[in-house]
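Morning, everyone. Please bring up the model on your screens.

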Amino acid sequence: MVEADRAASQDAKPTNAPRPPPRPASLQKPASAPAIIPPEDKPVSATEGSGCVRMLAGIPGNRVRPIAPAPKPEAEGCRVVDPVVVEALAVRTAAGPGQVKLVPPPTLSCELARAVSLWLDSGLQPLARGTFGRELTALRVGGGHECRRRNRQASGALSEHATGQALDIFAFELGEEKQGGAVVVVERPKGLEQSRFLDGVRQSACGAFMTVLGPGADAAHANHLHVDIQQRRAASSRFCQ
């Protein structure tokens, strides 16, 4: 199956078999330390931006900054409401306040950034601590805002990525690398413990987002976990595979 249908979308038969998006460069080679944010890219203050942006900025530890929407979207339907660049989101750890970095920082709608923030703090962080005895420190991601159609087809419905309402997650970093931290790759879990962790991740995501697709759903999602907040007729109607 592909991502759930949008109400105003136009059905079209794919001309080519869907292919997974390219694996982020961070999975091709050892991850390097996140770049230091230059002074001009300081996160937005709690008095700037929309109500959603101010709410996120008001949480100590969040590193989000708004960006101006493109004056002329690449295509009709590719406008992001309240776009923000998300560098890190605050979570509660066993030792006190902490952060989960998003590498590389994606551009998302503020609404999705808020949903990811809640999921990390209430779902993923406790799951990582309970499974591995370590804190979740980073998500290796790709496919934030990108004006394209589903599964990169030449025709058919627009992807939720086109409006910044979707995020693709390729791997989870646990603990600090210098202290023996681990990386759980969605495409290649190592052993039963990591496999069970990924099963738990998917189950928790199905409660936090409207659509969740991953390995086993279809060829286009064989190497990552796709989450989005596509609105449906009923809030209880979710699509999880």
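First, a term: pLDDT is the predictor's confidence in each residue, from 0 to 100. A contact means heavy atoms within 4.5 Å.

This is a predicted model, where local features need pLDDT of at least 70, side-chain atom pairs count only at pLDDT 80 or more, and totals for chains, interfaces and linings use all residues. Residues are numbered from 1 along each chain as its sequence is written, and side-chain values use heavy atoms, leaving out hydrogens and water.

The chain averages a pLDDT of 79, and 70% of the residues score at least 70. Over residues 1-15 the pLDDT is below 50. Residues 29-47 also stay under 50. There the model has 23 contacts beyond four places in sequence. Where pLDDT is low, the predicted coordinates should not be read in detail.

Now strand 6, residues 166-174. Strands are DSSP runs of E, at least two residues, and helices are runs of H or I, at least four, numbered from the N terminus.

What does strand 6 pair with? Two strands pair if DSSP finds at least two bridges between them. Strand 5, residues 136-142, joins strand 6 through 6 bridges, antiparallel. Strand 9, residues 225-228, pairs with strand 6 over 4 bridges, also antiparallel.

Last, Glu 173. Glu 173 sits in strand 6, opposite Ala 138. Glu 173 is buried, at 17%.

Notes: Buried < 20%, exposed > 50% of the residue type's maximum accessible area, 1.4 Å probe, protein only.
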